[in-house]
Amino acid sequence: MIKKFDFEKMPVVEVVNEILVDATKRGASDIHFDSLAEYMKIRIRIDGALIDYAEIPNTIKKNLITRIKIISGMNITETRLPQDGAIKATLQGLNLDMRVSVLPTIGGEKVVVRILDYSMSLNGLEHLGFSENNYKKVLRMISVPNGIILVTGATGSGKSTTVYSILQKLNREDTNIITVEDPIEMDIEGINQVQTNSEIGLTFATALRSILRQDPNIIMVGEIRDTETAKIAVRASITGHLVLSTVHTNDSLNTIERLLDMEVERYLLASALTGIISQKLARRLCPKCRTTRKTNEYERELFKKVLNKDVTEIYSAEGCEVCGNGYHGRIALHEVLLINQQIKDAISSGIKKEKLRELVYQSDVVTLLQDGLEKVVNGYTTFEEVLKLIELEDDEKTKDAVSLAKALDYTKIANESNQLKENGDPKIEVTDIEKKPDQVTKIEENPNNVTKNESQ
């Protein structure tokens, strides 16, 4: 329902405050102010979906944008160039921490306010929706004294939340942790955080060089964006430091390929890489109103193929006073790859992509599709949400797209490998991959139980 404001009685200052507070209370992650020809449309993003919120007449639009610029520390006279700012204030008892971006468009300036929510990071790593198996692998990763751990996914997939949760877990008195970020999204006590500033030459790469002279135990690089940063981060990890960072890729295999494309030497990457956490966010089913329904033939076939389970009933979204549309919050789907010696040797030797793919998914890895369907069975999300995230083959337009056909292929390799391990077959070497029998076999009945506290 579109919210109405009485602009004759309410000053613009109060209108802006009301929008910021109300969007925060509704659990929105972003507020979009879109300049159209007739009016300004305001939309808010809740659980990943944009919904219409309000309409602002053009007579008020300019004053409203100016007010947002003032409180976010921007230049109000500049309307031709993009600007970035931040809002930190306490309104109606709420501590607001927001990032603001202004972009000039043909219809006027478009403003996007990103609402930062640290509650998930503060709750701890164990509350991020990891299955029991994946959580144990993450703990093994971060217990290694040196190496590089990468958290990957698209923009808005919760990478920063995962990285900050890991930092909270590692933050101890006897550890020197230094981060280099753009921007610093969460202020953590006991951690030295560096804000990059490209205008004065303080880039990720230059900051990293100085950080290495500060005797750090753990380094967090906000994002690996270019070749120089990638090379320095990898070299830092093999000189006795644990390095955490994020990359915009969709799965483990694409992450390895992206780093090689960034001209990181194979022998360095093989030595440095400790683990990769790939994730996507699915809308979480509202536990108060979710209902069960019978699975159709296609769904039963997919569950059988991916999980080797006969699933006859799953949960679906209903809608109630609490959630509105059947969903409340979001849950992450994970693919956690702990790099073993076989994969290290394969990266170093430069084997073909097809062989590397089989080797990656023969290791102890649960694919995104497997993890997603397990969470469907456990009632945390819906079948439709998982298939929306694992793009259909016809929609595969980018190099990093995860098609359903590709996801099924990864799962098939993982299933075959699991069966070989159960039967006590000898370890498969890199040279033996093409000789492996082409069969889909049984996996563990429940390889990735979700802990009880995650369902609450």
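**Notes on the structure**

1. T152 stands opposite V247 in β11. The strand that faces β11 here is β7 (residues 147-152), and β7 and β11 pair in the parallel sense over six bridges. Two strands are taken to pair if DSSP finds at least two bridges between them. Helices (H or I, at least four residues) and strands (E, at least two) are DSSP runs, numbered from the N terminus.

2. The model is a predicted one, in which local features need pLDDT of at least 70 and side-chain atom pairs count only at pLDDT 80 or more, while totals for chains, interfaces and linings use all residues. Residues are numbered from 1 along each chain as its sequence is written, and side-chain values use heavy atoms, with hydrogens and water left out.

3. Strand β10 (residues 218-221) also pairs with β11 in the parallel sense, over four bridges, and I219 stands opposite V243 in β11. Between β10 and β11 the chain passes through helix α7 (residues 227-237), and this β-α-β crossover is right-handed. The term means that, with the strands pointing away from the viewer, the path from the first strand over the helix to the second runs clockwise.

4. Strand β11 (residues 242-247) has six of its six residues buried, so it is largely enclosed by the rest of the structure. Buried means under 20% relative accessible area, exposed over 50%, and partly exposed in between (1.4 Å probe, protein chains only). L242, L244 and T246 cover one side, and V243, S245 and V247 the other. In a regular strand the side chains alternate between the two faces of the sheet.

5. The open sheet has seven strands in the order β9-β8-β10-β11-β7-β12-β15, with mixed pairing. At its edges stand β9 (192-195) and β15 (327-338), each with a single partner strand, so one side of each lacks a neighbour in the sheet. The twist averages 20° from one strand to the next. Strand β8 (residues 177-181) runs parallel to β10, joined to it by four bridges, and I178 stands opposite I219 in β10.

6. Helix α4 (residues 132-142) packs on the sheet, where it touches β7, β11, β12 (273-285) and β15, and its direction makes about 55° with that of β15. Helix α8 (residues 252-261) lies across β7, β11, β12 and β15, running at about 130° to β12. Contact means heavy atoms within 4.5 Å. Axes are lines fitted to C-alpha atoms, for helices over the stretch in contact, and angles run from 0 to 180 degrees between N-to-C directions.

7. Which residues touch the most other members of the largest nonpolar core? They are I148, I256 and L273, in a core of 44 residues. A nonpolar core is a set of buried Ala, Val, Leu, Ile, Met, Phe, Trp, Tyr and Cys residues joined through side-chain atoms within 4.5 Å. Leaving aside residues up to four places away in sequence, the contacts of I148 include I224, A233, V243 and L273. A second, separate core of 31 residues includes V12, V15, I31 and I56.

8. The structure holds zero disulfides, a disulfide being a pair of cysteine sulfur atoms within 2.5 Å. For C286, the nearest cysteine sulfur is that of C323, 3.8 Å away. C286 counts as buried, at 2% relative accessibility. The sulfur of C323 is 3.6 Å from the closest cysteine sulfur, in C289, too far for a bond.
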